[in-house]
Amino acid sequence: MPIVVREALQTDCQGIMDLIMELAVYEKMEDQVKMKIETLQEDGFGNEKYFKCFVAERLENGASKLIGYALYYYIYSTWEGKCIYMEDFYVSPEYRGKGVGSRLMGSVCKIAVEKKCARVHFAVLGWNKSSIDYYKRQGAIDLTEVEDWHLFRLTGSALEKMAAKSDTV
Amino acid sequence: MPIVVREALQTDCQGIMDLIMELAVYEKMEDQVKMKIETLQEDGFGNEKYFKCFVAERQENGASKLIGYALYYYIYSTWEGKCIYMEDFYVSPEYRGKGVGSRLMGSVCKIAVEKKCARVHFAVLGWNKSSIDYYKRQGAIDLTEVEDWHLFRLTGSALEKMAAKSDTV
């Protein structure tokens, strides 16, 4: 059965949710997933769209199943201008080794080139050697390793405390 | 002279460009800056806006000068939904220690809280101890240190090669 790589539709959201959870389990962080399908539908296909997505779909016995996805959005570099950030990139284990991942990530990169985005950024866990090897084979640079960039997060009560330091309106 | 923290206007772009270059020099990466003021104006204040920005302005002898900025945009977490990424955050050295930075970063965080964004993310160079100490004092978490996240980039010919792996249309 052929595997089709195409842009996601709103009807794909349940399949994408399932893959989001598969990826979180793979990254050993499933307890961090708070996403609900209604939010994904609204944020991806509502009036304001916060992300775009390519999906890999396999047809079998008249039923279709999503077996991979690459979710991305536009970011901005004050040095280079518009860029793309690939937030999630995942192919279910039993469908790897067939080039599906490269077709998905290639689709995101094609958008970057068409929209004149100088860079595609993404994040990988340091223990994920097979993914890191794949990305390096594609010519990607580990900016944490090469330039010592660290990713930081402010959330929860620390985020609220910081918000209180803004000028009162 | 009081320092005002406010949202950036299109007329601030030259001042922001000067600070972008100051920050790049501070990060020892000034050769990577390709940004032009016309691009910044179009991308920040044109029909499609790719970023938003707070600036810190000081009035002296009837003239105003920008002495700090915090530039940000919306990103998307498939685990938490809408978030904010603070791309640049900088105060000119001679104006540090007066709380201007906290007012700038606090403004970005206030937007995050108002817009129900669960997280504010940003990147810091590992050798930048004074900045890292400041962020940790605010309760920010170094995800590279704690969870081993690495930031990757695809650019140039490697980006084009990857784009060619997408399905031909």
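**Note on a predicted two-chain model**

1. A search of the whole structure finds 16 salt bridges over all chains. The structure is a predicted model, and the points below should be read with that in mind. Side chains of opposite charge can pair when their charged atoms come close. Several of these pairs are taken up in the next points.

2. Start with chain A. The side chains of Arg6(A) and Asp12(A) form a salt bridge, with N and O 2.8 Å apart. Is Asp12(A) buried or exposed? Asp12(A) counts as buried, because its relative accessibility is 7% and the cut-off for buried is under 20%. The pair also belongs to a network of salt bridges that links Arg6(A), Asp12(A) and Glu57(A).

3. In chain B, Arg58(B) forms a salt bridge with Glu60(B), and the closest N and O atoms are 2.5 Å apart. The two partners fall in separate accessibility classes: Arg58(B) is buried, with a relative accessible area of 18%, whereas Glu60(B) counts as partly exposed at 40%.

4. Another salt bridge joins the side chains of Asp167(A) and Arg103(B), at 2.8 Å from N to O. This pair crosses between chains: Asp167(A) lies in the segment after helix H6 (156-163) of chain A, and Arg103(B) lies in helix H3 of chain B. Asp167(A) is partly exposed, with a relative accessible area of 28%.

5. The contact between the chains can be described as a whole.

6. Across the interface, 38 residue pairs are in polar contact, with both residues at pLDDT 80 or more.

7. The fold of chain A comes to six helices and seven strands. From the N terminus on, its elements run β-α-α-β-β-β-α-β-α-β-α-β-α. The C-alpha trace of chain A spans about 60 × 40 × 35 Å along its principal axes. Of the 169 residues of chain A, 55% count as buried. Among contacts in chain A between residues at least 6 apart in sequence, 56% join residues at least 24 apart.

8. Helix H1 of chain B covers residues 13-26, which is 14 residues. From its first C-alpha to its last it reaches 20 Å, close to the 20 Å expected at 1.5 Å a residue. Which residues of H1(B) are buried? They are Cys13(B), Gly15(B), Ile16(B), Met17(B), Leu19(B), Ile20(B), Leu23(B) and Ala24(B). Their cover includes helix H2 (37-45), strand S2 (52-60), strand S3 (63-77) and strand S4 (81-91) of chain B. Just after H1(B), Lys28(B) takes a positive phi of about 60°.

9. Trp127(B) sits in the loop between strand S5 (119-125) and helix H4 (129-137) of chain B. At 38% relative accessibility, Trp127(B) counts as partly exposed. Leaving aside neighbours within four places in sequence, Trp127(B) is in contact with Asp148(A), Tyr26(B), Glu27(B) and Lys28(B). The C-alpha atoms of Trp127(B) and Thr11(B) are separated by 34 Å, and these residues are 116 apart along the chain.

10. Last, the cysteines. How many disulfides does the structure hold over all chains? The number is zero. In chain B, Cys117(B) is in no disulfide, and the nearest cysteine sulfur, that of Cys83(B), is 6.4 Å away. Cys83(A) is buried, with a relative accessible area of 1%, and Cys117(B) is buried, with a relative accessible area of 5%.

Conventions:
Residues are numbered from 1 along each chain as its sequence is written. Chains are lettered from A and ligands numbered from 1 in the order in which they are written. This is a predicted model: local features need pLDDT of at least 70, side-chain atom pairs count only at pLDDT 80 or more; totals for chains, interfaces and linings use all residues. Side-chain values use heavy atoms; hydrogens and water are left out. A disulfide is a pair of cysteine sulfur atoms within 2.5 Å. Buried means under 20% relative accessible area, exposed over 50%, partly exposed in between (1.4 Å probe, protein chains only). Helices (H or I, at least four residues) and strands (E, at least two) are DSSP runs, numbered from the N terminus. The expected span of a helix is 1.5 Å times one less than its number of residues. Contact means heavy atoms within 4.5 Å. A polar contact is a pair of N or O atoms within 3.5 Å; within protein, one must be able to donate a hydrogen and the other to accept it, and residues adjacent in sequence count only if both atoms are side-chain atoms. A salt bridge is a side-chain nitrogen of Lys or Arg within 4 Å of a carboxyl oxygen of Asp or Glu.
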